[in-house]
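Please keep the sequence and the structure in view while reading.

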Amino acid sequence: MGEDLKKAIVFDNSGTLLERYKAIKDIKNNKIITHINPMTLIDNIGDSALAVLQCDTNILKDLNQEMKISEFIEKNNIKISVSYSSSDASDEEILNIIKKDNATIKEIVDCFKPLKEKVPKMELCNGSALILDVKNKKVAYTITSAGQLFPKVKSTINTLQKNNIDIYIASGDRYGAILKLAEIIKINKNNVFPTATKIRKGEIILELKNKGYKVMMVGDGPNDIIAFNNADLAILTVEQKGDYGDRMPKHADFIIENISQVLDIKF
């Protein structure tokens, strides 16, 4: 491609810019899990979906813990966004499963303490989400996640911007968390795409290419695969030390162990 082509880099958030920590509540077994990636869990369950609560879930601490999650959502007009799925269920079907389920606020709040222990100085709280077993029509798990920027994120973004590369974020995380991240790393809030599904991430890449950009996608998980395939360059970052095995590398042009290594890639 010509040297005069505009350049853009689209970053995933959790596991790419943000060192991700999560606590997952297995509702059926009343057990907290911290070592499994939610997307891997969804793929293993099959016919399931990750539904993000579009709110700061810290407010749940002060509410009646026996209140149903569905009641909390309805009373507070909380938006639910499906960010990752192994199911063909519509958003309406997903919402109906939540409305009919008996899971309580306590199932989310139980994740707060172990998460706080892992990230005592958390920079960003990405919020909470539900994993829905679509086949059995129930809320199977709750998830709360938080994190802190990888050490060289700010300097890397700053250098890329000085080199006239436009920076975007396409993430499955909630709206408020991504806007906060944009503020911290000093990128235009109009360049962020929160709660982006794997399909939407792929569309974002194509939209930028249609605007005349040469596009690099940087991500770490299976929800980035379509974007990887659509991008001019696909960069897999393993700084998070994920659990995707051989699944991701075959979709990547380069694999990096530190986000600053993006600067070494000819683009």
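**A buried lysine and a helix**

K25 counts as buried because its relative accessibility is 2%, where buried means under 20% relative accessible area and exposed over 50%, with partly exposed in between (1.4 Å probe, protein chains only). The model is predicted: local features need pLDDT of at least 70, side-chain atom pairs count only at pLDDT 80 or more, and totals for chains, interfaces and linings use all residues. Residues are numbered from 1 along each chain as its sequence is written, and side-chain values use heavy atoms, leaving out hydrogens and water.

**Surroundings of K25**

- K25 belongs to strand β2 (residues 18-26); strands (E, at least two residues) and helices (H or I, at least four) are DSSP runs, numbered from the N terminus.
- The side chain of K25 forms a polar contact of 2.8 Å with that of D110 and one of 3.2 Å with that of N30.
- A polar contact is a pair of N or O atoms within 3.5 Å; within protein, one must be able to donate a hydrogen and the other to accept it, and residues adjacent in sequence count only if both atoms are side-chain atoms.

**Helix α8**

- The 13 residues of α8 (residues 198-210) should span 18 Å at 1.5 Å a residue, which agrees with the 19 Å between its end C-alpha atoms; the expected span is 1.5 Å times one less than the number of residues.
- Buried residues in α8 are K201, G202, I204, I205 and L208.
- These residues lie on the same side of α8 because they cover an arc of only 155 degrees around the axis, taken from the directions from the helix axis to the C-beta atoms.
- On the other side of α8, I199 and N210 are exposed.
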